[in-house]
Amino acid sequence: MASVLGLLEAREKRVREEIARLREESERVQAALGEAERDLQRLVDARVTVTEVLAEPPSVVTEPMGSAVAGSTVPRRETGMAATALAPDYQRILSVLESEAGREGMRCQQLAAALGLEAIPAKVEGLRSKAKRLVEPGWALQVRPGVFTAPAMPAL
């Protein structure tokens, strides 16, 4: 009988180990299930929110038309168009060019100093590029190579 008890104890040990392994796996599956349920709820909430927003009439737009964000293109200047149509970096450049110091025209190194930037080549060339982007649509003038100013008259 001793060998039968030994066999039963060995089998009991194996079953206990299997139960422990299954409990660990069950905890892992429960955690994964909880995470999947949270992901599903976020998607459902997002879908409901988008549906509500799309159902609103178009006149409920809260962002003013014509405002720009950093990195956007420079719009063509038209009569009555405010500088707020420009991205913030371009607005700052234009305000310096429209100031007393910018009326005679400014080199990009002077422009960098007026904007509080270091007059290092990378900053100066970045400003030169932005100033040139303001010229074609009519926001600024290039009075001679490398010298920029604001137009004397209001928009076209």
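To begin with, how many helices and strands does the chain have?

Author: Happy to! This is a predicted model, and its chain has 4 helices and 3 strands. Along the sequence, they come in the order α-α-β-α-α-β-β. Of the 156 residues in the chain, 20% are buried.

Now to the core. The largest nonpolar core has 21 residues, and those touching the most other members are Leu86, Ile93, Leu97, Leu111 and Leu134. Two or more residues each come from helix H2 (88–98), helix H3 (108–114) and helix H4 (121–135). H2 gives the largest share, with 5 residues.

Leaving aside residues up to four places away in sequence, Leucine 97 touches Gly102, Arg103, Met106, Leu111, Ala140, Phe148, Thr149 and Ala150. Across the chain, 44% of the contacts with a separation of 6 or more are between residues 24 or more positions apart.

For contrast, have a look at the surface. In soluble globular proteins, nonpolar side chains tend to be buried together. Leucine 5, however, is exposed, because its relative accessible area is 51% and the cut-off for exposed is over 50%. Leucine 5 sits in helix H1 (residues 2–55). Together, Val4, Leu5 and Leu8 make a nonpolar patch on the surface with about 280 Å² of accessible area. As for the chain, its accessible surface is about 11700 Å², and carbon and sulfur atoms account for 59% of that.

Methods
Residues are numbered from 1 along each chain as its sequence is written. This is a predicted model: local features need pLDDT of at least 70, side-chain atom pairs count only at pLDDT 80 or more; totals for chains, interfaces and linings use all residues. Side-chain values use heavy atoms; hydrogens and water are left out. Patches are made of residues with over 30% relative accessible area and no salt bridge: like charges are joined within 9 Å, nonpolar side chains (Val, Leu, Ile, Met, Phe, Trp, Tyr) within 5 Å. Accessible areas come from the Shrake-Rupley method with a 1.4 Å probe; for residues, only the protein chains shown count as cover. A salt bridge is a side-chain nitrogen of Lys or Arg within 4 Å of a carboxyl oxygen of Asp or Glu. Buried means under 20% relative accessible area, exposed over 50%, partly exposed in between (1.4 Å probe, protein chains only). Contact means heavy atoms within 4.5 Å. A nonpolar core is a set of buried Ala, Val, Leu, Ile, Met, Phe, Trp, Tyr and Cys residues joined through side-chain atoms within 4.5 Å.
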